[in-house]
Amino acid sequence: MKPRRKVEARRFDKTQCRERQYQDIVHRDYLAHCIRWSWAARFIKPGQRVLDVGCGQDAPLVKVLAGQSSTFYRDKASEYVGVDMNKNIRAARPRWCTIHEEFDFTSRYGELGLFDIVTNFEVIEHCGPEDGLLLLHAMRDCLKPGGRIFLSTPVFDPVVGAAANHIHEYGIDELRVAIESQGLRVVERRGTFA
């Protein structure tokens, strides 16, 4: 069993999976992300406000909702708000889309209002446990009553160890406890998407 590795001193890691990261090859990690975005989009109903925490420079959930590859999702959300710590977000921005670049969600979430759906895909592992709790707390505070959070993260594998760009990978029970400590409830847990 490999011990959790020591990471360089940094509060947040801002690496991300990009659509063109591997030139014309669709990398398996990006494909797994695409499946997550499409899966979550199925739960978004017309007229809902959607918050995408850690939307990434490509803001792919916007593409899914705008239906660039399918008309099924076209104009499905009344408002999409994406936030990311990175800058130079190159996503198309339909009239219902707002993106905040270089946005520290854990300290500025109060500027955004309430949302029906909050997504947070492959983000929480890019911060330490203390900031992970702040992230969960902030998402909870941005959620309308009856709203849903969709969160994905790699599960720490003690045999393989954590990815080099991850500050803290959670075990299943550890993440459940963190989620519940913020007044949230795990309704469903799924395995890997790819």
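These are my notebook entries on one predicted protein model.

**Ground rules**

I number residues from 1 along each chain as its sequence is written. The model is predicted, so I take local features only at pLDDT of at least 70 and side-chain atom pairs only at pLDDT 80 or more, while totals for chains, interfaces and linings use all residues, and side-chain values use heavy atoms, with hydrogens and water left out.

**Entry 1: confidence**

I checked pLDDT (the predictor's confidence in each residue, from 0 to 100) before anything else. The protein chain averages 81. At least 70 is reached by 78% of the residues. Over residues 68–73, pLDDT stays under 50. The model still has nine contacts there beyond four places in sequence; a contact means heavy atoms within 4.5 Å. Where pLDDT is low, the predicted coordinates should not be read in detail.

**Entry 2: overall layout**

I took helices (H or I, at least four residues) and strands (E, at least two) as DSSP runs, numbered from the N terminus. The protein chain has five helices and five strands. From the N terminus on, I read the order as α-β-α-β-β-α-β-α-β-α. I use buried for under 20% relative accessible area, exposed for over 50%, and partly exposed in between (1.4 Å probe, protein chains only). Buried residues make up 45% of the 194 residues. Among contacts with a separation of 6 or more, 71% join residues 24 or more positions apart.

**Entry 3: strand pairing**

I counted two strands as paired if DSSP finds at least two bridges between them. S2 and S3 run parallel, joined by four bridges. Val 81 stands opposite Thr 98 in S3. S1 and S2 are also parallel, with five bridges. There, Val 50 faces Tyr 80 in S2. S1 and S4 run parallel too, through three bridges. Asp 52 has Thr 119 in S4 as its bridge partner. Six bridges join S4 to S5, again in parallel. Phe 115 is partnered by Leu 143 in S5.

I also looked at cover. In S4, seven of seven residues are buried. In S2, four of five are.

**Entry 4: helix H4**

I tested the length of H4 (residues 129–141) first. Its 13 residues should span 18 Å at 1.5 Å a residue, and the end C-alpha atoms are 18 Å apart, which agrees. The expected span is 1.5 Å times one less than the number of residues.

Which residues of H4 are buried? I found Asp 131, Gly 132, Leu 135, Leu 136, Ala 138 and Met 139. They cover an arc of only 165° around the axis, which puts them on the same side of H4. The arc is that of the directions from the helix axis to the C-beta atoms. An α-helix has 3.6 residues a turn, so residues three or four places apart point the same way.

The buried residues of H4 pack against S1, H3, S4, S5 and H5. S4, H4 and S5 make a right-handed β-α-β unit. Right-handed means that, with the strands pointing away from the viewer, the path from the first strand over the helix to the second runs clockwise.

**Entry 5: helix H5**

In H5 (172–181), I found Leu 175, Ala 178 and Ile 179 buried. Seen down the axis, they fall within an arc of 100°, so they line one face of the helix. Their cover includes H4 and S5. Gly 183 follows H5, and its phi is positive, near 80°.

I placed Asp 84 in the loop between S2 and S3. Is Asp 84 buried or exposed? Asp 84 is buried, with a relative accessible area of 8%. Not counting residues up to four places away in sequence, Asp 84 touches Gly 54, Cys 55, Gly 56, Ile 89, His 100, Glu 101, Glu 102 and Phe 103.

Ala 59 sits in the loop between S1 and H2. Its relative accessible area is 0%, so I list Ala 59 as buried. Beyond four places in sequence, Ala 59 contacts Tyr 80, Ile 89, Ala 91 and Ile 99. I also checked Ala 59 against Arg 90: they are 31 residues apart in sequence and 7.6 Å apart in space, C-alpha to C-alpha.

Ser 38 lies in helix H1 (residues 28–41). I found Ser 38 partly exposed, at 32% relative accessible area. Ser 38 and Leu 61 are 23 residues apart in sequence and 7.8 Å apart in space, C-alpha to C-alpha.
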